[in-house]
Amino acid sequence: MALKWRRKRDDDEGRNKPSPPPAGQEPPPVVELVMTLGGEDGQEEEIGRVAIPPHEFFGMKANATYERLGPDHPETLLAFRQYTRVLAGMEGRREEALERFMDLVRLQSQVLGYVHEDTLTTAADLADLVRDTGDFAKAEEIWRSVWTSRGELLGPDHPQTLDAANDLARVLADLRREAESVALHRDVLERRTRLLGPDDPAVLADSGRHAAALGRADRWDEAEPALRELIARLERRNEQDGSVGLSARANLGAALCRLGRLDEAQVVMRDVLAAQQRAKGTDHPEALTTRNNLAAVLHAQQRYAEAAAMLREVLVAVSRKHGDGHPETVHSRDNLANVLIDNDERAEAAQLLVRCRDDYTHVFGPHHPLTRKAIERLDWLRENPAF
């Protein structure tokens with residue numbers, strides 16, 4: 001009888017085999033290897049299982065492919081991309097993942113050409129991870145290259161081309177170039193609607209992205225009806241509590257706040273927050289965004305102490321996830337400073353704004369509106385230390 005090892009199959013206990021996650025997502029906790037004995041009749045008998053961490057499994061798989069096919073073989077490069085995707089989801093391994101993705105893009109460009117589906121997929125993984133580290137300018141450069149190259153290779157209306165356009169639009173929003181972001185999201189929505197019809201799941205998701213972009217551009221009077229229409233379509237499909245539905249409802253709450261309908265906004269946001277926390281956890285990014293927006297409602301209602309307490313919790317969670325100098329952390333710190341000014345905690349607000357000024361200067365430059373606004377508020381605080 002022959003002793004064999006194999007990775008757990010799709011039909012083992014009805015579970016799917018593990019696969020490496022996209023860059024920036026958490027990997028599965030373990031991968032199972034199954035040990036079997038092969039009989040003379042060709043049947044296999046399972047005699048044991050060994051659980052190993054995903055990075056070890058995919059690392060062994062990549063090294064084995066390297067030894068079998070050589071360093072420049074396309075399958076070797078794909079195996080190392082799988083391994084690097086797992087590293088990208090691990091704390092403490094992201095710098096290594098960045099370097100590996102950059103090396104892989106360079107090697108795949110040499111072996112396959114840059115305008116090749118495999119190379120562009122790796123470049124997209126790299127762009128996603130670069131954005132996650134907070135280097136939005138570099139992420140824009142890579143995503144723009146992926147988008148234009150996919151358009152050249154696959155056509156402007158191909159799903160992968162449109163997905164890249166959405167990711168580029170997201171980075172443009174990070175860079176506070178909201179008008180460009182809105183235009184690109186609208187173009188994707190119009191193209192996909194023509195191809196798939198108004199009720200396709202991808203079109204519904206694009207509708208939510210476009211409406212959210214309108215809000216970020218401070219076009220709340222356009223965002224509100226677009227969000228209500230989307231929510232109604234999702235309710236007819238009984239999908240109002242899905243990912244797209246929760247996001248749309250959260251953005252509707254933000255729109256109502258900006259339009260001054262605070263009581264209605266608070267009801268919507270608390271309902272959405274409860275659903276998000278049940279489904280995804282207290283510190284999930286979407287739940288943190290909703291908590292931040294709910295704090296904005298409390299701030300507008302002059303419930304400053306409650307708003308400050310909520311924003312302190314958000315700042316701790318965002319900093320723990322992204323790090324102290326990440327743009328998302330800086331925005332959370334800025335929001336807290338605004339509330340502290342109105343809550344007459346000006347000394348702490350000034351300390352926070354000094355850090356915001358320095359971080360905004362580093363990320364966006366000294367002349368960016370966010371940098372200038374932080375400087376203006378600091379100057380005002382120094383001239384008005386107390387009423």
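Analyst: Start with a definition. A polar contact is a pair of N or O atoms within 3.5 Å; within protein, one must be able to donate a hydrogen and the other to accept it. Keep in mind that this is a predicted model.

User: How far does the backbone oxygen of Gly-70 lie from a polar atom of the side chain of Thr-76?
Analyst: The distance is 2.7 Å. The cut-off is 3.5 Å, so the pair is within it.

User: What makes Thr-76 count as buried or exposed?
Analyst: Its relative accessibility is 1%. Buried means under 20%, so Thr-76 is buried. Thr-76 sits in helix α2, residues 74-88. Beyond its neighbours within four places in sequence, Thr-76 touches Thr-65, Tyr-66, Leu-69, Gly-70 and Pro-71.

User: Why is Asp-241 called exposed?
Analyst: Asp-241 has a relative accessible area of 52%. Asp-241 belongs to the loop between α9 (220-236) and α10 (243-258).

User: What does the side chain of Asp-241 make a polar contact with?
Analyst: The partner is the side chain of Arg-249, at 2.5 Å. The limit is 3.5 Å, so this pair qualifies. Leaving aside neighbours within four places in sequence, Asp-241 is in contact with Leu-246 as well as Arg-249.

User: How many residues apart in sequence are Asp-241 and Ala-275, and how far apart in space?
Analyst: They are 34 residues apart in sequence. From C-alpha to C-alpha, the distance is 7.6 Å.

User: Which residues have the most contacts inside the largest nonpolar core?
Analyst: They are Leu-227, Cys-257, Met-269, Val-297, Leu-336, Leu-340 and Leu-353. This core has 46 residues. Its largest share, 8 residues, comes from α10. A second, separate core has 44 residues, including Met-90 and Cys-356. In soluble globular proteins, nonpolar side chains tend to be buried together.

User: Which residues is Val-297 in contact with, leaving aside its neighbours within four places in sequence?
Analyst: Val-297 contacts Cys-257, Leu-262, Ala-265, Gln-266 and Met-269.

How values were computed:
Residues numbered from 1 in each chain as written. Predicted model: local features only at pLDDT ≥ 70, side-chain atom pairs only at ≥ 80, totals over all residues. Heavy atoms only, no water. Helix = DSSP H or I, 4+ residues; strand = E, 2+ residues; numbered from the N terminus. Buried < 20%, exposed > 50% of the residue type's maximum accessible area, 1.4 Å probe, protein only. Contact = heavy atoms within 4.5 Å. Core = buried A, V, L, I, M, F, W, Y, C linked by side-chain atoms within 4.5 Å.
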